[in-house]
Amino acid sequence: GGGEEKDTRLDNIRKSGKLVIGTSADYPPYEFHYLKNGQDVIGGFDIAIAEALAKDLGVTLEIKDMQFDGLLAALQAGTIDIVISGMSPTAERRKSVDFSTIYYYATHGVIVRQGDLAKYATVAALKDARLSAQKGTIQVGIAKTQIMGMSEEDAEKAVDVVKEVGSIKNLILDLKNGNVDAIVAELPVAQAYVRANADLGLAAPTFRDDDGGSAIAIKKGNPSLVTAVNTTLERLMAEGKIEEFFAEAQAIQEEQGQ
Amino acid sequence: MNFSFLARYWPFYLNGAKNTILLAMFSVVLGTAIGLILSLMKLSKHRVPRFIATAYIEFIRGTPLLVQLFIIYYGLQSIGIRFPNVVWLSKLLGISFSDFMAGIVTLGINSGAYVGEIFRAGIQAVDKGQTEAARSLGMSQFMTMRYIVIPQAIRNILPALGNEFVVVIKESSIVSIIGIADLMYRADTVRGNTFQPFEPLIVAAVLYFLMTFPLSKLLAYIERRMRAGDK
Amino acid sequence: MNFSFLARYWPFYLNGAKNTILLAMFSVVLGTAIGLILSLMKLSKHRVPRFIATAYIEFIRGTPLLVQLFIIYYGLQSIGIRFPNVVWLSKLLGISFSDFMAGIVTLGINSGAYVGEIFRAGIQAVDKGQTEAARSLGMSQFMTMRYIVIPQAIRNILPALGNEFVVVIKESSIVSIIGIADLMYRADTVRGNTFQPFEPLIVAAVLYFLMTFPLSKLLAYIERRMRAGDK
Amino acid sequence: MIQTMDLKKDFGKLQVLKGITSSFNQGEVAVIIGPSGSGKSTFLRCLNLLEEPTGGTIIFEGTDITKDGHNLDKHRQKMGMVFQLFNLFPHMTVLKNITLAPMKVRGLSGEEAEAAAITLLRRVGLEEKKDTYPGQLSGGQKQRIAIVRALAMQPDVMLFDEPTSALDPEMVGEVLEVMRGLAAEGMTMIVVTHEMRFARDVGTRVLFMDEGIIAEEGPPAQIFGAPKNPRTREFLQKVL
Amino acid sequence: MIQTMDLKKDFGKLQVLKGITSSFNQGEVAVIIGPSGSGKSTFLRCLNLLEEPTGGTIIFEGTDITKDGHNLDKHRQKMGMVFQLFNLFPHMTVLKNITLAPMKVRGLSGEEAEAAAITLLRRVGLEEKKDTYPGQLSGGQKQRIAIVRALAMQPDVMLFDEPTSALDPEMVGEVLEVMRGLAAEGMTMIVVTHEMRFARDVGTRVLFMDEGIIAEEGPPAQIFGAPKNPRTREFLQKVL
Ligand SMILES: Nc1ncnc2c1ncn2[C@@H]1O[C@H](COP(=O)(O)OP(=O)(O)OP(=O)(O)O)[C@@H](O)[C@H]1O
Ligand SMILES: Nc1ncnc2c1ncn2[C@@H]1O[C@H](COP(=O)(O)OP(=O)(O)OP(=O)(O)O)[C@@H](O)[C@H]1O
Ligand SMILES: [Mg+2]
Ligand SMILES: [Mg+2]
């Protein structure tokens, strides 16, 4: 049920023979849908990591695709075993779930309309833009603190200064329609959308988030699962596999666009 | 269950509920205007307006609101229909006025199809004998509509229209998906902020219920009163 | 507009439409079971079942489906109600069977409230004179229900039930939000894959319309026939 | 005053009126009887063009009103119609029911229309009901108001379609009483009814309709006393 | 056969029956007349407990059927009821309408019930309609079937509530004919009707109801010829 667990999750995974991951598959190259031999599949470098993890645990992988802002709810509800969705382990999130070690540090970029590229060449110029980001993501915070210059505290309280929508696809439409002027997204994601949409461009400024980076979320009270996940991640990092996965995912992405 | 988040987040809910009600109200107003036109088109003697109105109504009633939301919201804007952002109104609402307008247009276009049918049915439900009596007194078609049919149709229509308001309150929750800050959107924000996936939704459900239930009871009561008055 | 993606992605739509229909079908079946129980409770002589049924119906009808979806989907699972994943069924559906079941339960619980009212109204719409005639022939309450009231109520209920199926087809689109691979979800996937945010929605709208429109016309036709047969 | 020549009316494939040639004169009280479905109501409704005839002509006060382009509303004013189900306007008081058309159509002032209405109401004994709504009246009262409403337009002829058959038996009398009064004053009336006593006592002529034609007509004494047509005889046997 | 003692029925605050004491004997044809709303239907419906009386007792064939715990269905079988609006079962053929209760309630076999039904149908001249549905019958035919349906339970008494007032005038005769036949065979009948001719010709006793009481009763000749109660006189004046 809900609440804390008594370290039973890993056993359950082993017993049921499958690892159920939650992800929001509209975030290339982390995770995205694509056509493989005419079939709709979910791929991306997060998924590749999850596959490696499942293999290490000796179970099969099952993917649940949902809106990003519903992922932690599903984890709490027990619908999924872990969240792997380019999620950053913020302090807020750490209050309610555990995180693995960080397996990837992202850079964030800003998508704007092609015609506005010159206008939004600097961070200061972006300050006046109508900003947007995927609802419940780390990019909302980046927009508030690093672009708008709010303090962490103010940022947490400020409502409606950044337009937040659950799916980045819809934000792209908002951008094209002029409802917003800029979308803050992870750089590779931004690059993918810019490549596919000639009327969009990538603004010059990029951002790093120090307590950003991606980690796997696990329901509290499951230390052995956290350990198991970390073991796999550390092996992958040591073997340079993460970069490899990333490159593969981008390759699929590019091939799909053609 | 733990509802301690309410202490901090109740203004979120209040603001969301206010926006939901405003959204529903203006949507029904727009829907009423659209519906009135559609019903007159449907009752017209000419084929073309009748066909257009029927096609509109059937299409809207035959597809999910979610699909319409995406098509109308993004589609309207991509063909250049855009709403100006009136700053002081945005401040008043606490959300972008142009977004708010877009939500109203989306819901209004949807609601219009249903209201159109309410109007048509309301007019047709007026006993044919009423028209015959008026015409046999020498009243013109227009006079008959104006003095006899419409006043009676309104009594059939008003309760159904009130009910449409209740329906729109509920259905407007879907605009939260495209980022309009209604009650559902706020509840979702609270879920995200508190990492409590469940309790904030219960609060939203209760608030929706508090908005719709008394209203529909009131409508049922008014309708009963009106019908009793007829006898 | 550019619909060239269809050449490649039509199997997506086909599969999504199939799942939408299956989802709606089973939801209505579950809704019918729930509705039947609710209507019997509402027509009961005792207060308690009547109150429970009324509360259920009013609550479901007074809150948005979106809120219910979240509450039921996350709520059921967090109190430990989980559906087993039957592998061969999952293969057959092309989506996880346990997700599919969760969708059905959500929509069925919602639909049950509406079906319950359909049943109750259908039974109450049978002319009181029918019951009186049966009782005055010495038939018991049970016999009267069984031979006289229920068979006639079914004629009132069937068209409305068919209509509920149409409504559920449309409303089921909302489960795409929690990742159930129905038509709307597939359309959304195509939007992401093709980076065409708009056209795939048009295709989905047309498909929904093709599912609901002929069905509701057919239902209206059957209803007219049935009514004509009465005279 | 009214002549019909070969008047026909079809509803789709159903021939309801199969060619009716008849004439109604000033001051006459013509009573139409006949079995259900024989077309009595349809005939009456054709006379003031509530139904558009499929063929034939209707001459009213010298004009062919079936020809297109004629001012129908003008003609309808001159023909008062009373319906089986009264068709009072439920959202208006009795007085408003009566004065609406005189004011809007004939252009009377409020006072003129009201004065005329009160006079008529007094005649049917319902003056004190002027401010109530139709919903609060008994069937017999409703029908009397409906007659007054038609009379307020000062018609040249009054058409009645089974004015008493929706009434409880003890209210039939009060409505027939009003109709008797009208006849006595010389109003031209065409009455569809099943009240054979009224037909016999008040009618100046009885028309028996059967299957869309006028099968027999004549003075009441002849029709009730010595019907020639076997169908008339059969019908009267049943209802008397 | 049936006695009522101080029978009362209220609907909420509305006192509809204000204490009716009467008795009906074997072979009698009692006709109940009275103005609309006087409680005639309510009284009839109380007799077979379609309405539960608020006070008083009803003795039927020696048992007090208003006492709780009695086998109502058993008593109702013995009282046939015919309604103004026929209330045939529209989803069953005529034959099934008639045989259902004999089979399910009296436990007859299909053949027995059918044979009995055919005999009754022949009596009312509708044998050839046995396989049609009620929807295809005229009003008069429907009512005759409804009578047959009640008779098929072999009741000891037949209750009729305005059996002809929903009929077109030319169909009234055929139904009254059947009722006359029943009376002639000695069936005990209680009939609410506005057909004064039937009351006079067939009734063995006439009861005039007014405002929830039996204001006057007596043989038809007395009631119609020399009514004592002024209300009876007034009523008869209106309807005759
Ligand atoms: N608007 C209509 N559309 C189709 N058929 C109609 C219409 N009005 C009347 N009819 C048919 O025309 C026939 C004659 O109807 P009408 O009402 O004139 O008969 P009637 O002699 O007045 O009978 P009743 O005594 O029952 O009033 C009937 O068969 C009826 O069903
Ligand atoms: N179920 C009911 N609930 C409330 N009032 C009722 C009910 N049934 C009858 N009444 C009222 O009881 C009174 C008597 O009704 P009832 O039907 O017995 O009169 P009736 O003599 O049969 O009249 P009619 O000749 O019009 O059939 C009426 O005022 C009626 O409105
Ligand atoms: Mg008629
Ligand atoms: Mg009655």
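A polar contact is a pair of N or O atoms within 3.5 Å; within protein, one of them must be able to donate a hydrogen and the other to accept it. Keep that in mind for the first stop. The model is predicted.

Start with A:Lys169. This residue sits in helix H8 of chain A, which covers residues 168-177. Its side chain reaches across to chain C. There, the backbone oxygen of C:Asp188 lies 3.1 Å away.

Is A:Lys169 buried or exposed? Its relative accessibility is 9%, so A:Lys169 counts as buried. The cut-off for buried is under 20%. Now look at what surrounds this lysine. Leaving out residues up to four places away in sequence, A:Lys169 touches A:Asp26 and A:Tyr193 in chain A. From chain C, A:Lys169 touches C:Asp188, C:Thr189, C:Arg191 and C:Gly192.

Stay in chain A and move to A:Asp81. This residue is in a loop. The loop runs between helix H3 (71-77) and strand E6 (82-83) of chain A. A:Asp81 has a relative accessible area of 7%, so this residue is buried too. Which side chain makes a polar contact with the side chain of A:Asp81? The partner is A:Arg9, at 2.6 Å.

A:Asp81 has other neighbours as well. Not counting residues up to four places away in sequence, they include A:Ile13, A:Leu19, A:Val20, A:Leu75 and A:Leu225. A:Lys18 is also touched by A:Asp81. These two residues are 63 residues apart along the chain, yet their C-alpha atoms are separated by 9.5 Å.

Next comes chain B. Chain B is built with 9 helices and 0 strands. Its C-alpha atoms fill a box of roughly 70 × 45 × 35 Å along the principal axes. Chain B has 231 residues, and 57% of them count as buried. Its contacts span the sequence. Take the contacts in chain B between residues at least 6 apart in sequence: 76% of these join residues at least 24 apart. The accessible surface of chain B is about 10100 Å². Carbon and sulfur atoms account for 69% of that surface.

Now see how the chains meet. There are 6 pairs of chains in contact, and chains B and C share the most contacts. Some pairs do not touch. Chain B and chain E have their nearest C-alpha atoms 15 Å apart. Chain A and chain E are joined by no contact, and their closest C-alpha atoms lie 50 Å apart.

Look closely at the meeting of chains B and C. In this interface, 31 residues of chain C are in contact with 31 residues of chain B. How much area is buried between chain C and chain B? The value is about 2700 Å², and carbon and sulfur atoms give 76% of it. Charged and polar partners also take part. The two chains have 2 salt bridges between them. One pairs the side chains of C:Lys217 and B:Glu58, at 3.2 Å from N to O. Polar contacts between chain C and chain B join 8 residue pairs, both residues at pLDDT 80 or more.

Which elements of chain C give two or more residues to the side that touches chain B? They are helices H2 (47-62), H3 (65-78), H7 (141-171), H8 (183-194) and H9 (199-230). The largest share, 8 residues, comes from H9(C). By class, this side of chain C has 18 nonpolar, 6 polar and 7 charged residues.

Notes. Residues numbered from 1 in each chain as written. Chains lettered and ligands numbered in written order. Heavy atoms only, no water. Contact = heavy atoms within 4.5 Å. Buried area = accessible area lost by both parts, 1.4 Å probe. Salt bridge = Lys/Arg side-chain N within 4 Å of Asp/Glu carboxyl O. Helix = DSSP H or I, 4+ residues; strand = E, 2+ residues; numbered from the N terminus. Nonpolar A, V, L, I, M, F, W, Y, C, P; charged D, E, K, R; others polar. Buried < 20%, exposed > 50% of the residue type's maximum accessible area, 1.4 Å probe, protein only. Areas by Shrake-Rupley, 256 points an atom, 1.4 Å probe, with all protein chains shown as cover.
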